[in-house]
Amino acid sequence: MPAGAAGEVRRRVRSRRGSSRGSPRPWADRSLPWIYLAPALLVLGGLLVYPVYQLGLISVLEYTQAQVSGGEPTSFRGLGNYGELFRDEQFWQVLLATVLFAAACVGCTLAVGCGLAVLLTRVRALPRLALMLAALGAWATPAVTGSTVWLLLFDPDFGPVNRVLGLGDHSWTYGRYSAFLLVLLEVVWCSFPFVMVTVYAGIRAVPSEVLEAAALDGASQWRIWRSVLAPMLRPILAIVTIQSVIWDFKVFTQIYVMTNGGGIAGQNLVLNVYAYQRAFASSEYSLGSAIGVVMLLILLAVTLVYLRLLRRQGERL
């Protein structure tokens, strides 16, 4: 090898070594985001991990009013509370009602939110602003206030809805399905703004050339949404879906306020209200905690399954 060529090779080797020494190590690149997230993770750990630990601990103990007052010592029951819970026929009925009610709420919330998000891209600035303000007002309304307002709207004696529909003194909270329908409407009313605003922001991020090309090809608005927007917005739709599942599966305030604690003979109970009744009305805190653990595991399983399905489709979240 000529001397000049050998010198050039040595210089390149030295330069590569120098650049590798000066560049950060791979482990440092991977750990840097975690360093930035460490303060937030510590706060979340204190606010979430410890309460979940206490919830799981109480669920395996004998913990009733007698133990709370100190009249009897706390004893370890293991999985006895869960066995008692799973043998309770009412628990399975409430679980089925909760799953069906949450699924209906999630489906309606996504449909209304996505539909209005598309509408926002079609209207002018003033109607868009009015719709945004109205939606954000519904979103900002406390659950207790919103539930009370909806009860007044559907009141059998003074409510305007019955007068407009000509239903007389029909009571919406007396029947099981009509009460669930009334609560569903209120849940969708206070939940769709999050979906609408999030999906609208995602639509605005889609290149306009893509939508124009689909329109020039003769695609209808529904076809553009189904074949163009929905696939491109799948990560955003995954986020709003998971959030809606979590929120609607653990609905408490709307059911408790609008059905007066779960309806006639508990016909409108959901898991959150059922856990509240077992823990505080019956002073069976260990059973209420066991219901909370079951709800946590169900939500965790649904979230993991949904994320795994999205990853199989090649989505990056």
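How far is the sulfur of C190 from the closest cysteine sulfur? The sulfur of C190 lies 9.0 Å from that of C105, the closest one, which is too far for a bond. The model is predicted, so local features were taken only at pLDDT of at least 70 and side-chain atom pairs only at pLDDT 80 or more, whereas totals for chains, interfaces and linings use all residues. Side-chain values use heavy atoms, without hydrogens and water, and residues are numbered from 1 along each chain as its sequence is written.

With a disulfide defined as a pair of cysteine sulfur atoms within 2.5 Å, the count is zero. C108 is in no disulfide, the nearest cysteine sulfur being that of C105 at 7.1 Å. C190 is buried (under 20% relative accessible area; exposed is over 50%, partly exposed in between; 1.4 Å probe, protein chains only), with a value of 15%. C108 is partly exposed, at 34%.

Aromatic pairs number 16, where rings of Phe, Tyr and Trp (its six-membered ring) pair if their centres lie within 6.5 Å, and planes under 30 degrees apart count as stacked, over 60 as edge-to-face and the rest as tilted. One of these, F86 with F91, is tilted, at 5.9 Å centre to centre and 50° between the planes. F86 is partly exposed, with a relative accessible area of 39%, whereas F91 is buried, at 1%. The rings of F154 and W172 have centres 5.1 Å apart and planes at 80°, so this pair is edge-to-face. Both F154 and W172 are buried. Ring pairs also join Y63, F252, Y256, Y276, F280 and Y285 into a cluster.
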